[in-house]
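Student: I would like to go through this structure and ask what stands behind each label. Please show it first.

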Amino acid sequence: MSGNLPVQSVTADYVQRVADDLAVNRSEQERVRSELTRLQDELVRLEDSEQVLTKMQEVLGGTPKQGAKQRKGSKGAAVPAARGSNSRTTAGKSAAAGRKASKKTLSPKKASEPTWLELTTAYLGGQSEPRSAAEVAASLSEAHPERAAQVTVVRNTLEQGVAQGLLERSKQGRSVFYSPTSPASAPPVS
């Protein structure tokens, strides 16, 4: 009989732990649901305020309400319930994407301005030896002071040029240098 006693005790402990974990999980779900409801209500209030402010801006002679019309379609959409533990990061990413999109609409690129890819390939085409991303960014900042040439943007642009076959990448130790492709290895332009 004494052999069955420890097994029942261990089983009872596990049953209790699972019940406790389940209770914690359910209370956390309820907390997240209430927070989601609060955030949805806050979003509706903010959207309403945006509409009022947009109308006031129009009346005062500001810009047209093009941005408000684009967001109206998403106002009535229902927010799906959280499905997993990473729902917080997903919501954060979509909010960040919305902020990035709104910043882009505030300062659109002028049609006459060349793209970063055009600037970098033109600069490297005039060089006799490969250049690093930092060197390219510094030179573009000097040549185009009206445009902020960040090294990360230039590096991503250079990598885009490599992916498109417009530029070549070479490594010397830990340093990476870029140069235009030779005419023989350049992809055909279609």
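Tutor: This is a predicted model. Of the 190 residues of the chain, 15% count as buried.

Student: What makes a residue count as buried here?

Tutor: The cut-off is a relative accessible area under 20%. In the chain, 15% of the 190 residues count as buried.

Student: Which elements make up the secondary structure of the chain?

Tutor: There are six helices and two strands, and from the N terminus the order is α-α-α-α-α-α-β-β.

Student: Which residues of the largest nonpolar core touch the most other members?

Tutor: The core has 14 residues, and those touching the most other members are Leu 124, Val 136, Leu 140, Val 154, Leu 158 and Tyr 178. Two or more residues each come from α4 (116–125), α5 (133–143) and α6 (151–163).

Student: Why are the buried residues of α5 said to be on the same side?

Tutor: The buried residues are Ala 133, Val 136, Ala 137 and Leu 140. They cover an arc of only 100° around the axis, so they lie on the same side of α5. Their packing partners are α4, α6 and β2 (175–180).

Student: What makes Arg 147 a charge over the face of Trp 116?

Tutor: For Arg, CZ has to be within 6 Å of the ring centre and within 35 degrees of the ring normal. Arg 147 is at 4.6 Å from the ring centre of Trp 116 and lies over its face.

Student: How many aromatic pairs are found?

Tutor: Zero, in a search of the whole structure.

Note on methods. Residues numbered from 1 in each chain as written. Predicted model: local features only at pLDDT ≥ 70, side-chain atom pairs only at ≥ 80, totals over all residues. Heavy atoms only, no water. Core = buried A, V, L, I, M, F, W, Y, C linked by side-chain atoms within 4.5 Å. Buried < 20%, exposed > 50% of the residue type's maximum accessible area, 1.4 Å probe, protein only. Helix = DSSP H or I, 4+ residues; strand = E, 2+ residues; numbered from the N terminus. Phe/Tyr/Trp six-rings, centres within 6.5 Å; stacked < 30°, edge-to-face > 60°. Arc of directions from axis to C-beta. Contact = heavy atoms within 4.5 Å.
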